[in-house]
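Let's take a walk through this one together. Have the sequence and the 3D view open side by side, and follow along.

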Amino acid sequence: MPAREHSSRLNRRDLLAGSVGAACAASTGILPAGGFFTGGSDRIRLGLIGCGGRGTGAASQAAAWHPSVRIVAMGDLFADHLAESARLLQASLGDRFECPSERQFVGDDAWRDVMGADLDAVILAGSSWTRPTHFAAAIARGLHVYCERPAAVDVEGMRTVRAAASDATRRGLVVVSGLAGRHHAATIDTVARIRDGGIGHPVLAICKADLGLAWHRPMRSSWTAEEYRHRNWVTDSMLAGGLLVETHLDALDRGLWAMGDACPVAAIPAASRQGLAVRYRFAHGRELHAEITRSAGATGQREETVRGPRGVADLVRHEIVGRQAWQADGSPANPWQVCMGGFVDAIRSGSRGDGGQPLIRSNLVALLGRTALETGREVAWSEVAGPSGGATVII
């Protein structure tokens with residue numbers, strides 16, 4: 001049967017537990033001691049919205065983490081994406097893939113059909129522009145949510161996400177952000193060293209990337225212009241939000257994390273030879289400089305450093321150069337696997353996850369920079385975050 005079609009300072013333990021994620025938003029609501037399973041079942045019924053590479057990988061990683069997880073519904077805009085994802089998940093998960101063809105949905109309303117299934121939780125990995133709608137609907141449905149980044153491509157979408165995240169906290173639902181860097185052991189250790197005074201008080205973060213061109217699917221005679229656009233959504237600024245939002249958000253998040261998860265005061269366009277550059281101003285004269293380039297002749301080089309009076313911390317090499325020289329060691333586990341494991345464990349234990357707060361903050365910072373670039377002027381944080389956006393500093 002074919003798929004259905006429808007048109008203060010924190011230590012390493014704190015960082016691992018995700019408490020940094022709530023820095024800019026107070027958490028309320030009490031969760032029960034146990035996990036959340038439909039009808040008292042010992043299984044976690046998981047739905048997948050968006051069956052591309054990351055969505056398929058996230059579903060596989062969640063099911064591989066614990067035997068209680070079952071993939072029971074999935075949906076995508078395109079039938080070929082869904083079919084390939086289902087094939088891969090069936091092959092890798094065996095009996096943990098409980099998603100027959102009648103729960104495999106295709107088309108504009110596929111996400112609605114997935115959420116209409118008997119679920120405990122959902123992975124949101126569709127095109128970036130769809131996530132605010134999907135996020136709000138999942139919380140309204142009472143589902144635990146893993147949300148890939150970005151959560152939204154514009155300020156209006158972020159308002160939807162912030163309201164839904166607040167509702168999730170009130171209702172005791174688990175929300176986990178798709179920011180794998182916060183689950184990367186060497187990065188966690190580096191940030192913990194910064195928080196413990198390894199470079200002194202951080203005053204400047206630099207996040208640069210010189211990347212190759214994004215993936216592209218060539219036009220086929222059977223596709224309409226609109227289908228071609230949506231199959232290549234990652235390079236469409238209206239659908240993906242542009243380079244800062246779609247491509248550089250992870251790097252921005254690591255920079256913000258290392259700087260204490262503070263919210264900037266403003267963003268100012270900066271000069272760049274070939275790409276996009278933004279200078280973020282924080283309280284007390286601190287700054288974060290972000291720059292990204294995408295071209296066919298890219299070097300692939302990244303710089304993610306944080307500078308203080310006692311030294312420089314490198315978030316790519318995971319080392320500190322200065323008075324307290326240090327280098328991370330060991331072979332860390334796959335951070336995406338650990339991230340999905342955290343989502344599953346939060347559901348099983350009844351913990352909050354990160355409440356979506358790291359993603360909301362970093363997404364707003366990326367949008368602040370995008371607005372500055374598009375308007376060519378300095379843009380205040382309150383213009384994108386609202387008057388109550390806050391600018392909490394925790395170190």
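**A walk through the model**

Start at His284, which sits in the loop between S10 and strand S11 (287–294); helices (H or I, at least four residues) and strands (E, at least two) are DSSP runs, numbered from the N terminus. Before going further, some ground rules: this is a predicted model, where local features need pLDDT of at least 70, side-chain atom pairs count only at pLDDT 80 or more, and totals for chains, interfaces and linings use all residues. Residues are numbered from 1 along each chain as its sequence is written, and side-chain values use heavy atoms, with hydrogens and water left out.

Back to His284: its phi is positive, about 65 degrees, although this residue is not a glycine. His284 counts as exposed, at 80% relative accessibility (buried means under 20% relative accessible area, exposed over 50%, partly exposed in between, with a 1.4 Å probe and protein chains only). Another histidine with a positive phi is His318, at about 60 degrees, and again not a glycine. His318 is found in the loop between strand S13 (311–314) and strand S14 (319–322), and is buried, with a relative accessible area of 13%. As background, most residues other than glycine have a negative phi, and most peptide bonds are trans. On the peptide-bond side, look at the step from Arg149 to Pro150, which is cis, with omega near -5 degrees. Pro150 belongs to the loop between S6 and helix H6 (155–171).

While you're around S14, pick out Val321, which lies in that strand. Val321 counts as exposed at 53% relative accessibility. Leaving aside residues up to four places away in sequence, Val321 touches Gly311 and Val312, where contact means heavy atoms within 4.5 Å. Val321 and Arg307 are 14 residues apart in sequence, with 9.7 Å between their C-alpha atoms.

How much of helix H2 is tucked away? In H2, the buried residues are Gly55, Thr56, Gly57, Ala58, Ala59, Gln61, Ala62 and Ala63. The helix covers residues 53–65, 13 residues in total, and reaches 18 Å from its first C-alpha to its last, close to the 18 Å expected at 1.5 Å a residue (the expected span is 1.5 Å times one less than the number of residues). Among the elements covering the buried residues of H2 are strand S2 (44–49), strand S3 (69–76), helix H3 (79–93) and helix H12 (335–349).

Now for the charged side chains. Side chains of opposite charge can pair when their charged atoms come close. The structure holds 24 salt bridges, each being a side-chain nitrogen of Lys or Arg within 4 Å of a carboxyl oxygen of Asp or Glu. One of them joins Asp261 to Arg182, with the closest N and O atoms 2.8 Å apart. That pair links distant parts of the chain: Asp261 is in the loop between helix H11 (249–258) and strand S9 (266–269), Arg182 is in the loop between strand S7 (175–178) and H7, and they are 79 residues apart. Both Asp261 and Arg182 are buried, and a salt-bridge network links Arg182, Asp253, Asp261 and Arg361.

Which side chain of opposite charge is nearest to Arg195? Asp261, at 4.1 Å, and the buried Arg195 has no salt bridge (Lys and Arg count as positive and Asp and Glu as negative; His and the chain ends are not counted). Arg195 lies in helix H7 (residues 185–195), and its side chain reaches the backbone oxygen of Trp257 at 2.6 Å.

Two further salt bridges are worth a look. Glu378 pairs with Arg281, the closest N and O atoms being 2.5 Å apart. Glu378 is partly exposed, with a relative accessible area of 40%, and Arg281 is partly exposed at 28%. In helix H8 (residues 225–231), Glu226 and Arg229 are three residues apart, so about one helical turn separates them. Their side chains meet in a salt bridge (3.9 Å, N to O).

Finally, confidence. The mean pLDDT of the chain is 89, and 87% of its residues reach 70 or more; pLDDT is the predictor's confidence in each residue, from 0 to 100. Over residues 5–35 the pLDDT is below 50, and this stretch has 79 contacts in the model beyond near neighbours in sequence. Residues 391–395 also stay under 50, with 22 contacts beyond four places in sequence. Where pLDDT is low, the predicted coordinates should not be read in detail.

How values were computed. A polar contact is a pair of N or O atoms within 3.5 Å; within protein, one must be able to donate a hydrogen and the other to accept it, and residues adjacent in sequence count only if both atoms are side-chain atoms.
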